[in-house]
Structures are given as C-alpha cells and as structure tokens.
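Could you walk me through this model in the viewer, one selection at a time? I would like to know what to click on next and what I will find there.

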Amino acid sequence: MSVLTRDEAQNRARLIDVQRYTVDLDLTTGADTFDSRTVIRFTAHTPGDTFVELKPATLRSVTLDGQPLDPAALDGNRLPLTGLTPGPHELRLDTAMRYSHTGEGMHRFTDPTDGETYVYTQLFMEDVQRVFAAFDQPDLKAVFDLTVKAPEGWTVLANGVTEHLGEGTWQAATTPLLSTYLVAVAAGPWHSVRTEHRGLPFGLHCRRSLAPYLDADADEILDITRACFDRYHEKFEEPYPFDSYDQAFVPEFNAGAMENPGLVTFRDEFVYRSAVTDTERQTRAMVVAHEMAHMWFGDLVTLQWWDDIWLNESFAEYMGYQTLTEATRFTDTWVDFGVARKAWGYDADQRPSTHPVAPDAVPDTASALLNFDGISYAKGASALRQLVTWLGEKDFLAGINTHFKRHKFANATLADFIDSLAHHTERDVHAWADAWLRTTGVDTLTTQVTEGTDATWTLTVDRQGSRPHRIAVGLYDRDPADGSAFVLRERVDVDVPGEPLTLRGARPALIVPNDQDLTYAKVRLDADSQEAALRGLSGLPGPLTRAVLWNALRDMVRDGQLAPAAYLETAAAHLPAESDLALVQGVLAFARTQVADRYSTPADRPAALTLLTALGEDLLARTADGTDPGLRLTAVRHLIDTAQHADTIRGWYDNAGIPDGPDLDPELRWRILARMSVLGAIDDAVIEAELAHDPSATGQEGAARCRAALPDPQAKQAAWDALFTTDPGGELSNYLFTATAQGFWQPEQADLLRRYVPRYFSDAPALADRRGPAIADAAGRYAFPAYAIDAETLRLGEQCLAGGAPSPALRRKLVDQLDDLARALKVQEATGA
C-alpha cells in the first residue's frame, strides 16, 4: 500500500476539485464484508493523470464518465485515472470492503453480554479508503450524501440527521463541505438518549448492554455538553456549523474520541460500569469539551496538510481545558493538565523522536500519523496557554474569530493563522511562532537569589533554552500561625530573558518559578527553596502551585538529580495531607509505574513497594469516615497494585468488599485478580469463574490480562502465541491484544520472561507488517519488554532498528521505548552507585 506524499497531494489539489460524494453502504451482506458503492463528482482544471484511493476486499466495477475501467488496474490502494480532460467528471465504483477488528475503517464488534453487533467508522488519516473510494487528502473537501442499508432493528447515525426510509434503509442529510477523514457512520441497536438545545438535536448513544450506566450519567454528560456549547458561542462569532450534535460511545475505540462533525465517537469506557473518581469524571468532561472545540478547530476550518496537526489538536486541547474551567463545576482542570497531561509532552519532547509543534514539512501520511503525540497535544496546548499570557485573551480570541471568518469550510495553514492573530496586535506574533512552534526540546528555568545589604534581594531567572517566557514567580513565606505551611507574599511577573529584579524585604522561604504553570518549561529551584519544598510541599496554598513543584521533582528524578527514594519519601510525607485528588492520582501513578517499577533497581523495588503500600494505608485510614469516596477509591486501587503478598487483597475479594467500603464492583474485582495473577495466588479456574460472573467485553479483557499475567510457562506461551503467532482469522482484536500485552510483562517474573525478550524484537516487526498501524502501535506501546531494564535489551532493540525491519509506526514506538529504557538504566546505575 502506498502512502500519500505531500508533493502528490499538492499536485492533485492543483489538478482537481471535488464537489460531491454519493456513498451507499450495505451492512447486511455478512460478518466479514460490506458493500460500498461510491459516486464521486469532480472537476479537472487541466489535462492530466491522477489516482483515487481505496482498499477493497473486491473491486467489482469502476467507470469514469460512463466508460468502464479495468479493476485489475488497482495497484495497492491506488486506482489510476489517466487522460483526464478539463471539465466535470463522474467516477463510479462498486466494491466489497472488509470489516475491521483493529479500530480502523469500519470496525465490527459483537457484544459478548447479549450477542448484539455494532459497527462504526474511524476514517482518520488513510482509513476512509477501507470504507469507500476517495481522493483522500484534507484539502479536497466535498459534500457527502450517504445512504446505509442496515439490519432491521438497527439505528444508523451519521454526520447529519438521519432518516429511516423503511426496510432498513437510512439516509443522512447532505453535509457541508468536509474533508474525507471526517465522514462518520455508526450503526447498530443503539440505546439512545435524545434532547434538544438551542434548536438543535442532541443525542447520546451506547450499546444496549451499557444502557443503565449511560442513563445514570446522561444528565451530567448533557449538562457538560450544553455548558460548553454555550460557552463556545460566547467565544466564537461563527455559530456551530452542523445540523445536530450526537455523541456515540463505541466499543474497542483506539483513541479517546474522534471529532467527526455532528457525530463525535468516544471510547465507551467513558460510560462507567464501576465507581470512578471525580477526577475521572473531569477527564470525560474535558474530552467532551475538546471534541466540541474541534467542530470549529479542524472541522469548520481544517488543516491543509498534516504538518499543521497542531492547528487541530493543540487548539482543541487548550480550549477544552480552558472552557471546562470557565463553564462547568470543574474549575481546577489545569491542575490535572499540569500533573498528568503535561508530563506526556515533556517526556515526548526529550526523546530522539521529538519534533516541532508545527514542523516545517511532513513528507507523507505515514510520518504524519506518528506526530499525534504529547507534543501535538500537551506541548501545543501549553504553548497556546503561554501565547494567551503573552498576547492577552482579547487579542487572542479576536485573531481566532478572524481565522474562522477567513477560512470557514475551507483549509488553512500555520501562516494563515499567524496572519489572523497579527491582524489584532502590534506584537511580533511571527517571531513568537518561530521561537515556540518551529523548535524542539524543553527549556529549563532556574531561580538565582542574591542577598542584598540594605533589606533588599535580587531575583534572577536563568534560562537554558531559546524561547521567550512570560511567567509568574511566587514568593512564599512561612505561615506565622503554622510553621509547616506557607502563605503567598506576592507573585511577580517576569519576562525571561530579562533583567534581574531587585525586591525589598527579607528573602522568602520559598520561591516558585512558573507559579500558576503558565509556560512550558522545566523548573529548578534554588537550594533553599528546594529544601523548603521537599519538607513543606503540602503546606503550599493553591493546587496549581503544588502541581508545578511535583512536576519539578518528577523531572529531577528522570534527569538523575533526585534519588527515586527521595521522591517516594516526599510522596509519603505529603500526599496524606493533599486535598486535590488529581495531584494524588498523578503523583501515585508516577511513583508506582515509573519510580518503583522502572527507576528503582530490582534490589530496591521491594522497599519502594513497601513504602507505597504504607502510603496507601495512610490514605485509606484518612478516608474511613466515608467523607472522601474518590480518595478512598484511589487508595484501594493503589493498595491492590502495590501488593507484594496476596493475603489482604484476597480477603477483600473473598468478602466482596473492603471494611468501611467500597464494595467490589467489576473494575475492582478484575484489578484484584490481575494482581493475584502476577503473584501466582490464583489459577485459571478462578479467572474462568469470574468471567462467568462478568462475561462482558471488559470481562473478556480482564480475563485475557489475568491469564497472560500468570507466572506459568504454559500461560506465557499461550499469551505469546495469541499476541504474535495466531493464524489470520483468529487474531486478537485491538482491545484483547492490548489486555494480553498488559498482562504479559511483569517485573516479578523476570526470570520466566527472559527468553521472550529477544523474541519480541523478531516477532513484533512481522506482526506490525501483517496487521497494520493500530496493532503496530499497540505492540510498541504495550507489548514492549519495558521491565527488562538492562544493556542487553538496549542492544537487541538497537539491532532491530539498525536492521530496518520495523514499520514506521512500530519504529517510532521502539525509538521512544528504548530511549525511556536507557534513561531508566542511567537512573538505576546512578542509584546503585
């Protein structure tokens, strides 16, 4: 299969315009394929040759302007169209297309709970070609007329309002101009909750087996949806550009969500079957806000080519967090962004695979797919937050609205956007964009203090890096009423680079650069402030300030400047007094999955888990009165994951609950069984009995995860075969693949797993070639031997990369994983020394 290059896309855009697609899908032809008939009406500007893309099971027939073309001319995913003359043309294709089980194209899923089947599209980047033929590039927008024949009893959802014409045939309203990757269909016996807002139909949809759980949360989800919708209309002069707003929670979805106009698809884990924390509800709300922002950023105005991914994702990310903060009860969303999401950007930006937020050129679609990462999302959103700080929100929003007005239902570039901003300010936005969006890496800001002799002191913020920053520096004194706490003396605005500031009064006890987290940079404290932070972090007012400091400590561990044990001791000292749940969850996640499992040496890991268990017990004791169920649930999950012996968690499982709560819901039951599997405390019979109790899709995933985690040679071999060597037709779906991979590698089982490490580097490339980008990504992300932190794993990985075998998606993941492994090995060696 050929990937589309930027040059090819530009040449095709000069040759043709596309006016209309008429697509007829028949979903009643069996479980393996569906029929797809497409009519494309387009205009050629000059004589020339081009091609249309499709990936059919069978290409039955094709005609151009009524004349038959040879189906055998299809070369990979390209059908040549030669000898085009200037003027209008009509291309007709009749195909059978394969259903997907990897979340690409038309994904088909049968719910094990009730046997009902659902299908939905994910057409991003190149996957529209798996559903219908298309001139597949974002700047060849067209209108779409869609008809779908579905089994009786199904409902068909699409980008516009759908009408049932009878006998299972559904017709969607003609769309405005859309890029091909944004077309969407979701069909099945959906459970739906429908309402109207501001004259538009709104809907929520999920599998029937999830109906009680969606109904329980429907008011909350719809309240968030309405609040964000109204707030965007206050910010944006262009009204919502589509005829309806449906949100479908679909099974086995690869991303968090997809911004299809009028039909946003979400992973249906957001329909909660089990108890969740308020931070997790906030995350779901943020995804709702993020995807709605895309209706303007990405759907109304679309990138011209994939080098401007950030124009979609960075803006939706920034707008999602900011609008949620302004319009809903979730007023501290930037704390979660700072302690969890932002770390994704920092980590990605320090690997060899880093790239600018807005690269100068992305040569082809395979390269573009790799850039949907922490840089395009978290770093880009951080850059925009800094831009708003530097430019001012009024001018920022004015520039956005000019951008919408100039390019609505069309395509735009970075240069277009910067010109729209520059129209409303005297500031040099072009220079700012060059410094922030065209460069890579993370700046580091360090405070220096010089004591004066006349009741003054001097503050300098040094910069390692090249970007300009406008930040706040927080000056904190000890609370005279409580020596363990701090009070804010003042925040001073500082431009970096800039002149030192001379301030009156005594030196503060603690100086926090980038207070309020307004820029994207690592921070280092002066020696006195670092000591004060380690001893008194929980005594600081304001969770966003504490997030900045926790991030600083995190970065210091990763950079080998703070011992892993010191980080864990700081967490044990301060998390029991932490009031912000997002901070607790973020710090615990890093402490458990990175500090204990990767940065601590194998000899030190048991002590790290013991300390983390004691911390979990402190949090559990703090919540025994039932006043903080979210923190209690977090503590219970943490204690399960850090258990070194099965006795306590086995007692919870056998008694179906924890003293003083909570009762065990499906998520906690499978979590306990997963940990007991790792510890060798259960066998397959227990897993099978739980699966009989919970035969749902998540139950199937839980069972796969547990079986792969058993410390048994036969179980490991069976899991490996399921991941890498099963014959086509019996291959795992994307979610079952991920669950099996998550269970397989366990640090407690290093001896048992050692022989599989070299096998990974030969089997994973073959799997990626056979099954495509989605499974390649999962194989690199979840099936990589992340706990084999040694020089031999590095050697094998580098040998694999040097051999040139991995596909682009797997190669990118291997580069990142090996860099993370090398970093962990350096930290371990420094600690061991």
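Predicted model: local features only at pLDDT ≥ 70, side-chain atom pairs only at ≥ 80, totals over all residues.

**Stop 1: cysteine 800.** Select cysteine 800 and colour helix H26, residues 791–802, which holds it.

Stop 2: Now show the side chains around cysteine 800. Beyond its neighbours within four places in sequence, cysteine 800 is in contact with Phe761, Pro765, Ala805, Pro806 and Leu814. Then pick arginine 811, 11 residues away along the chain: its C-alpha atom and that of cysteine 800 are separated by 9.1 Å.

**Stop 3: helix H24.** Next, select residues 756–771, which form helix H24. The axes of H24 and H26 lie 9 Å apart, at an angle of about 20°. That angle makes the two helices roughly parallel, and their crossing is right-handed.

Zoom in on where the two helices meet. From H24, show Val757, Pro758, Phe761 and Pro765; from H26, show Thr793, Leu796, Gly797 and Cys800. Sorted by class, this contact has 6 nonpolar residues, 2 polar ones and no charged ones.

**Stop 4: other cysteines.** Finally, jump to cysteine 206, which is buried at 0% relative accessible area. Cysteine 228 is buried too, with 0% relative accessibility. How many disulfides does a search of the whole structure find? The search finds 0.

Key. Residues numbered from 1 in each chain as written. Heavy atoms only, no water. Helix = DSSP H or I, 4+ residues; strand = E, 2+ residues; numbered from the N terminus. Contact = heavy atoms within 4.5 Å. Disulfide = S-S within 2.5 Å. Buried < 20%, exposed > 50% of the residue type's maximum accessible area, 1.4 Å probe, protein only. Axes fitted to C-alpha atoms, helices over the stretch in contact; angles between N-to-C directions. Parallel < 35°, antiparallel > 145°, perpendicular 65-115°, else oblique. Left-handed = near helix turned anticlockwise from the far one by under 90°. Nonpolar A, V, L, I, M, F, W, Y, C, P; charged D, E, K, R; others polar.
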